[in-house]
Amino acid sequence: MNMTITIPMPLLVSIDDVGWWKGTDGSGANQPFRTGMPRDHVPEDYLALAELGKRLDMRLLAGFVLCEWDRDPILQNLPSSTWMGKNWTAPGVDLDQKIKAAEIIKNAENHIEFGLHGLGHEFWDQGVMQRSEFHDAGCRMRDPDEIRKHLSYFLKIMDQYGFGSRPKTFIPPALNHSFGDPDQGIQKILAEFGIESVTLLFSKARLYSSPQAGKMAWENDVLLVDRGESEIPWNRLAAGPEFKFDRPVMALHWANLLHPDPGQNLSVIEKWADYIKTGSAKRGMLLVQDSGACFTQYGHYLMSEIKEADGGFSIDLEWMDKVPPRLTKNPFYLKVDMPPGTGLDIYGAEPQPSLRPAEHPFLKLAVPGQSRRIFIKPRSLP
């Protein structure tokens, strides 16, 4: 048969440590590591994120840290969340700057997804910093009630600026996380707060049971996706683009995309955007629209089975009955290579229009209702 069908790997860009106002690494002084920038952050740093998302036609996943946004300051009531404990006041950054940045973020909703990273990224026990906010350095979960307080205060600080859409994706600080304890574990708590997915490193996490699909797992209706190790150190400024294009999440840190001179941020963004577009196209990857599209496609990449059958191809989708239902609602994409003048008869799925340029090389399919097998057969066009 002169035809091949493959499932392309998706690619989502994810950025940790967005939201700090002070750039300084304070880890030597009982303060957070922050971003490692030699300057304070400014609203232009959010314009840089929006511009990268725009150039990639993607909602970048931004993992926000929010303690330095607290204007009331409510975190005095949650001493474990900051280095000042009950004496907390946010470091001196002009409130107008924060309001300006908040407007940029809200206006860029189509290019920045507001993800949850933490309040202070670390945890302060009797005023002493420990790594990290939701799990200790051994990936043992912190007290469940304390975790719930941290999550609820994160949402309260979002409300101080009118950030409406609640985070759906969690990026664990320091990638300390755990999985496989459905009754007592953190996924149960995250689900209470509307979190639908977690990106992590399974090799670093504490696993009480094995991930069901190797690089993907699910628990309490929360999806977990392995994002791999970042090639670039968290505090490397204006980093030259570098990525292996071998996994679904490109994990960067905010400083990697920013210039010491905010006026030159866009020169860094241009390099990254070109590199990502060129590299993903060269390897036949699908630049996705958002995290939901990425995780659906990755589920198909890992678990949908393609076999030759009856002069065509059969695709087994049985796995779709096992995962959180929302993972199966998005369309998915196939790469179909066939001779010119060939048409396709498709059973068990419905072709969809490719609305974004990144989708054009692929066949976009929606899987209706209970369909768990797709059959695709070539036919000669008249």
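Which side chain meets that of Asp-57 in a salt bridge? Keep this in mind as you go through the close-ups of this predicted model.

**View 1. Asp-57 and Arg-356 meet through their side chains.** The answer is Arg-356, in a salt bridge of 3.5 Å from N to O. Asp-57 sits in the loop between α1 and β3, while Arg-356 sits in the loop between β19 and β20, so the pair ties together parts that are 299 residues apart in sequence. Arg-356 counts as buried, at 5% relative accessibility, whereas Asp-57, at 32%, counts as partly exposed.

**View 2. Lys-149 and Glu-146 form a salt bridge within helix α3.** Here the N to O distance is 3.9 Å. Glu-146 is buried, with a relative accessible area of 17%, and Lys-149 is partly exposed, at 41%.

**View 3. Arg-148 forms a salt bridge with Glu-192.** Their closest N and O atoms are 2.9 Å apart. This pair links distant parts of the chain, with Arg-148 in helix α3 and Glu-192 in helix α4, 44 residues apart. Arg-148 is partly exposed at 27%, and Glu-192 is partly exposed at 47%.

**View 4. Four strands form an open, antiparallel sheet.** Follow the order β1-β17-β20-β19. At the edges stand β1 and β19, each with a single partner strand, so one side of each has no neighbour in the sheet. Three bridges join β1 to β17, and Thr-4 has Asp-337 as its bridge partner in β17.

Definitions and conventions. Residues numbered from 1 in each chain as written. Predicted model: local features only at pLDDT ≥ 70, side-chain atom pairs only at ≥ 80, totals over all residues. Heavy atoms only, no water. Pairing = 2+ DSSP bridges. Helix = DSSP H or I, 4+ residues; strand = E, 2+ residues; numbered from the N terminus. Salt bridge = Lys/Arg side-chain N within 4 Å of Asp/Glu carboxyl O. Buried < 20%, exposed > 50% of the residue type's maximum accessible area, 1.4 Å probe, protein only.
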